[in-house]
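Q: Could you help me learn to read a structure, one feature at a time?
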Amino acid sequence: MSDRALVVVRPGLLTTVQDIGRPGYAHLGVPRSGALDPPAAALVNRLAGNGPDAAVLETTLDGCALRSRSTVTVVVGGAPCPVAVGGRPAAWGAPVVLPAGELLQVGAVSAGVRSYVAVRGGITVEPVLGSRATDLLSGLGPAPLAEGTVLPLGLPAAPPARVDTAPRPGPPAELVLRVTPGPRADWFTARGRRDLTTRAYRVSPASNRIGLRTEGPALERAREGELPSEGMVLGAVQVPPDGRPMVFLADHPTTGGYPVIAVVHPPDLPAAAQAAPGTPLRFVPTGRR
Amino acid sequence: MRALPAGREALLIEADSAEEAGALHAALLRRRVQGTLTVREIVPAARTVLLDGLPDPARWASELSSLEGESPEPPARPPVEIPVRYDGPDLAAVAAHWAVSEREVVRIHAGTEFTVAFCGFAPGFGYLTGLPARYAVPRRATPRTAVPPGAVALAGPYTGVYPRTSPGGWQLIGTTDAVLWDHTRDPAALLSPGTRVRFAPVEGP
């Protein structure tokens with residue numbers, strides 16, 4: 001076996017392999033999947049000297065710990081967190097050398113939810129439909145990391161970026177999601193539609209890679225029942241029977257029968273992926289383009 | 001047919017019937033092949049077709065009429081044949097719903113040519129139409145926690161085949177050894193929207 005590999009020492013709450021996902025297969029029932037915060041994943045890849053489609057690790061709240069069988073360059077970014085190599089503090093958001101056999105510790109986030117770990121050369125588990133992403137809805141791609149999981153690494157394509165740090169805005173104290181009316185806004189009363197963009201919500205701890213769930217006022221329906229299954233987009237604000245809006249993230253089902261009241265402007269979704277449970281949330285209307 | 005907004009990069013087109021949705025789906029696929037439609041995903045469903053990753057949804061919303069009334073092309077390929085042992089635990093319940101014998105259920109089901117209307121629920125799970133409306137059946141009151149792969153099942157107007165073990169509330173009428181989904185195969189999905197399907201009865205086990 002090649003010595004270019006990572007060995008998982010502590011998988012954390014949920015750490016998955018992610019890349020840009022597998023769009024283009026929704027008609028077969030395959031979710032797009034991929035990193036929930038694509039700009040953060042792209043940045044750690046760039047800093048590590050990887051192409052934009054290299055696979056990285058996505059952690060959830062409490063990081064992970066890894067050992068490398070060979071000396072590699074790693075970059076930890078996304079949600080800010082302490083980083084240590086061999087027990088000594090190391091840089092977050094910048095290339096770090098991880099000597100062979102030393103432990104990389106990615107700590108619990110100080111803000112946000114998901115940190116990203118890029119390794120120079122990328123993680124090269126076997127792709128499925130052109131992507132190495134773990135899709136938690138359909139089970140495609142590698143299983144979430146477990147203690148002892150071995151992750152093969154690719155050969156470096158380019159030198160790591162020559163930077164000390166790359167600043168990025170931290171996760172905001174309040175999540176503001178711009179929305180346009182969705183295909184089934186007419187399934188809600190005028191009051192329900194108004195409530196969506198005027199009332200205060202919070203991010204629910206039941207949120208996951210499939211969707212950002214919310215706590216707050218239930219949206220009043222004008223029609224009961226379910227729709228015949230219809231295609232769902234990333235960022236769809238779907239309203240299940242409990243009336244609390246849920247924003248579809250990367251592992252969302254490709255079709256569904258609960259009405260979609262609105263759709264979140266795609267550039268706002270990375271912030272949604274970094275909004276910790278309890279974060280205040282507002283939906284604000286945007287005009288038609 | 002009407003266009004419904006679905007964000008800045010998508011359009012949901014709602015048809016007046018399942019048949020119209022099928023014809024619309026075929027018309028959109030033709031436009032993509034011709035190069036007159038650039039879009040990341042064309043996702044058919046029960047009564048709708050979703051265009052996702054569409055650079056200019058407003059333009060297509062205003063050009064819907066150009067998509068109406070196209071007749072579907074004659075099928076290019078013979079139907080996919082799926083061998084089935086009609087041994088499902090809900091065969092008797094389906095026979096009761098249809099008010100026919102179990103043998104007659106098999107004759108009717110295996111005598112029908114199906115079309116994959118759309119996929120969803122799990123990779124490779126197709127919603128197959130073709131049975132007359134009078135043979136629609138309800139879902140089971142209590143879904144099973146684990147339906148085995150290859151289970152051939154009915155719910156509402158649809159027939160489906162479970163690609164892998166999953167929870168499910170459909171009425172199970174049979175079992176197939178056909179592999180519905182294999183991501184190491186090209187194509188991974190045995191069934192994709194528009195595919196015609198026939199079920200061929202085989203003796204167990």
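Q: Is T124(A) buried, partly exposed or exposed, and why?

A: Burial is a count of neighbours: a residue is buried if 20 or more other C-beta atoms, placed from the backbone, lie within 10 Å of its own, exposed if 12 or fewer, and partly exposed in between. T124(A) has 19 other C-beta atoms within 10 Å, so T124(A) is partly exposed. This is a predicted model, where local features need pLDDT of at least 70 and side-chain atom pairs count only at pLDDT 80 or more, while totals for chains, interfaces and linings use all residues. Residues are numbered from 1 along each chain as its sequence is written, with chains lettered from A and ligands numbered from 1 in the order in which they are written.

Q: Where is T124(A) placed in chain A?

A: Strands are DSSP runs of E, at least two residues, numbered from the N terminus. T124(A) sits in the loop between β10 (115-119) and β11 (150-152) of chain A.

Q: Which residues is T124(A) in contact with, leaving aside its neighbours within four places in sequence?

A: Contact asks for C-beta atoms, placed from the backbone, within 7 Å. By that test, T124(A) touches P152(A), L153(A) and G154(A). As for L57(A), 67 residues separate it from T124(A) in sequence, and the C-alpha to C-alpha distance is 11 Å.

Note on methods
Helix = DSSP H or I, 4+ residues; strand = E, 2+ residues; numbered from the N terminus. Contact = placed C-beta atoms within 7 Å.
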